[in-house]
Each structure stands twice: as C-alpha cells, then as structure tokens.
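This briefing concerns the structure shown below.

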Amino acid sequence: MSEMLVPILLFALGLVFLIKGGDWFVDGATGIAQRFGIPELLIGATVVSIGTTLPEVMVSATSAVSGHGEIAYGNAIGSIICNTALIAALTIAIRPSKVSRSSLVTPVAFFFIAAAVYLYRAYAAGTFTRLSGFELLGIFVLYMALTVYRALRMPKVLQSENETHAQTGRLGPDLLRLAGGAVLIAFGASLLVDNGTLIAQSLGVPESVIALTFVALGTSLPELVTAVTSLVKGHGALSLGNIVGANLFNLVLVSGVSVVLSPFSVPDGKTIAGYNASLVLDLPLMLFVMAFLTLPALIRGKLSRWQGVLLLLVYAGFCGIQFFL
C-alpha cells in the first residue's frame with residue numbers, strides 16, 4: 001500500500017493542477033477577449049467552452065502519444081457519461097428547470113452526428129484511424145464556425161454594449177494567467193496519465209476502467225464547478241447548455257485530437273458475456289444517457305427531477321459494473 005501512496009498523491013496533484021490551470025486559462029482568455037470588445041456570447045461559446053474541455057484534451061492527447069490509447073478512449077467516453085449521468089443529473093435532481101429548446105437544438109444535433117461517425121468507426125472497424133480523427137475535427141470546425149456566425153449576427157444593440165464595456169489597460173496579467181493556465185494543464189495532464197497508469201497496473205485494473213471512472217471524473221471537475229455555481233445562482237439551464245457543449249467537444253475535439261496524434265483501437269481489456277464491454281456497455285450507455293437527458297428537454301422544454309434521480313442510479317450502476325465486472 002505504501003508503494004501506491006506516491007502515485008495516488010501525484011494523481012491528486014495532477015487533478016489540482018488541471019482544475020486551477022483551467023480556471024486561469026479561462027479567466028485570462030476571457031479577460032483578453034473583453035479588452036478588445038469581443039461579444040460576451042461569442043466568448044462563452046468559444047473560449048470558455050474550449051477552456052473547460054482543455055483538461056480532457058490534454059489528458060487524452062498525452063495518453064495517445066505515450067501509447068496509452070485506452071486512457072485516451074476511456075477519458076472521452078467516460079467524461080460524457082460522467083457529465084450527463086452525474087453532473088447534469090445532480091443539478092436536475094436538486095433543482096429541475098425549464099430549458100431553451102432553441103439553444104439546445106444545434107449542439108444536440110451535432111453531438112448525435114458526431115456520435116454516428118464515432119460509432120461507425122468503433123463497430124465497423126474496431127479502430128480509429130487518423131482519417132477518422134480529421135472527420136471529428138471537421139465536425140468541430142463546422143460547429144464552431146456556425147456558432148461564431150450566429151454570435152456575430154446577434155442584435156447590434158448587444159454588440160455595441162459589449163464594445164462600450166471593452167476594457168483598457170495592461171494585458172500583462174491576463175496573458176500571464178493564459179500562459180500559466182496552459183502550463184498547469186499540460187503538467188497536470190502528464191501527472192494524471194502517468195500515475196493513473198501506475199495505479200491501474202498496481203490494482204490489476206484495465207487502464208480503460210481507470211479512465212472511464214477516476215480520470216473522467218477528474219477532468220470533468222470544471223464542468224462540475226460550473227454546474228454547482230449555475231445552480232446556486234439559479235441558472236440551471238446554463239449548466240445544461242455547458243454540459244451538452246462539453247459532451248460534444250469530448251467527441252469531436254478530445255477524441256479528434258487524440259486520434260490524429262496517435263491512432264488507437266477500441267479497448268478490449270474487459271468483456272461482458274464474451275463480447276467487448278466497450279461495444280455492449282460503454283458506447284450504448286453514452287448514447288442512452290445523452291438521449292434521456294436531451295430529448296425530453298427538446299420535446300417538453302423542461303427537465304424533471306425523476307430524470308436526474310434515474311440518471312444518478314444509472315451512473316452508480318455503471319461505476320459498480322466497471323470495478324466488479
């Protein structure tokens with residue numbers, strides 16, 4: 001047990017660096033954007049959304065390059081399940097809220113389009129080639145272009161207000177936060193991957209299990225912080241929008257970057273009834289929880305407490321299966 005103490009402590013330190021690094025990066029990038037009068041809606045849709053997904057990007061990219069494709073794969077899929085069935089579920093169970101159907105349509109549609117591409121590669125080929133990575137990144141670019149286009153077409157009154165509130169002064173502090181955040185995220189990702197691998201090896205647990213649970217939860221902490229903050233301030237719908245966006249980015253940006261850097265296959269370290277557990281459990285569950293969260297919201301324009309409770313039970317069962325399979 002004493003031999004595992006150092007890896008566990010370094011794993012936890014890596015999580016701290018990821019969280020603080022993401023916080024600094026978002027603050028610095030947002031501050032720089034505001035100084036130049038860039039619309040707040042555009043900042044939120046691009047800089048902040050990408051910033052909260054950077055931990056997953058760095059962890060998965062580092063894992064893929066270092067030959068640990070199972071962590072790169074499990075982190076992306078596990079983060080989507082965690083974001084949906086734990087973080088979003090908690091906010092819904094505590095305080096159900098109405099949602100804006102119009103703001104959800106585009107990210108939800110793009111998510112399921114990306115999921116179709118992802119599932120085709122997983123089930124038809126069993127491996128993710130560099131071409132599939134470029135396909136996912138292409139969806140990301142298309143989504144971002146559409147988001148930027150819509151933000152720039154918002155009412156001129158709002159644009160002029162943002163220009164009026166443009167900040168002046170030194171850029172130094174914001175640039176330091178941006179650079180410092182990027183360094184912390186990179187270093188934290190390295191600590192998380194290296195020590196997560198050691199812990200998995202010591203416990204005899206497949207790397208994909210560690211990635212689907214502990215690593216996924218750790219890299220989803222920025223979304224958790226955003227969700228809790230939004231809930232406290234009475235903005236449950238904001239939390240849902242952030243989570244749906246983060247899930248899309250996990251598929252197209254996190255997985256896309258990882259596969260382009262170093263292609264990998266679907267992990268086959270665990271089975272259910274003789275079949276690959278990723279294909280019969282992880283991927284179907286990812287689709288189910290996203291559909292269960294978003295489709296009722298799109299149809300009825302609101303979320304119910306029972307949805308949150310059921311999703312939490314699903315997540316508890318998923319974690320249990322991972323470790324006792």
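How many salt bridges does the structure hold? The structure, which is a predicted model, holds 2 salt bridges. One joins Glu 135 to Arg 121, and Arg 177 forms another with Asp 174.

- The side chains of Glu 135 and Arg 121 meet with an N to O distance of 2.9 Å.
- Because Glu 135 belongs to helix α5 (residues 130–152) and Arg 121 to helix α4, this pair ties together parts that are 14 residues apart in sequence.
- Glu 135 has a relative accessibility of 31% and therefore counts as partly exposed.
- Arg 121, by contrast, is buried, since its relative accessible area of 14% falls under the 20% cut-off.

- In the pair formed by Arg 177 and Asp 174, the closest N and O atoms are 2.6 Å apart.
- Both residues lie in helix α7, and their spacing of 3 residues separates them by about one helical turn.
- An α-helix has 3.6 residues a turn, so residues three or four places apart point the same way.
- Side chains of opposite charge can pair when their charged atoms come close.
- Arg 177 is partly exposed, with a relative accessible area of 32%, whereas Asp 174 counts as buried at 3% relative accessibility.

**Geometry of helix α7**

- Helix α7 comprises 32 residues (residues 172–203), which at 1.5 Å a residue should span 46 Å.
- Gly 204 follows α7 and has a positive phi, near 70°.

- Val 108 is found in helix α4 (residues 101–125).
- Its relative accessibility is 4%, so Val 108 counts as buried.
- With neighbours within four places in sequence left aside, Val 108 is in contact with Val 244, Thr 294 and Leu 298.
- Val 108 and Thr 294 are 186 residues apart along the chain, yet their C-alpha atoms are separated by 7.3 Å.

**Nonpolar surface patch**

- Val 6, Leu 10, Leu 13 and Val 16 make a nonpolar surface patch of about 300 Å².
- Leu 13, one of these residues, lies in helix α1 (residues 2–35).
- At 35% relative accessibility, Leu 13 is classed as partly exposed.

Technical notes: Residues numbered from 1 in each chain as written. Predicted model: local features only at pLDDT ≥ 70, side-chain atom pairs only at ≥ 80, totals over all residues. Heavy atoms only, no water. Helix = DSSP H or I, 4+ residues; strand = E, 2+ residues; numbered from the N terminus. Expected span 1.5 Å × (residues − 1). Buried < 20%, exposed > 50% of the residue type's maximum accessible area, 1.4 Å probe, protein only. Contact = heavy atoms within 4.5 Å. Salt bridge = Lys/Arg side-chain N within 4 Å of Asp/Glu carboxyl O. Patch = residues over 30% accessible without salt bridge, like charges linked within 9 Å, V, L, I, M, F, W, Y side chains within 5 Å. Areas by Shrake-Rupley, 256 points an atom, 1.4 Å probe, with all protein chains shown as cover.
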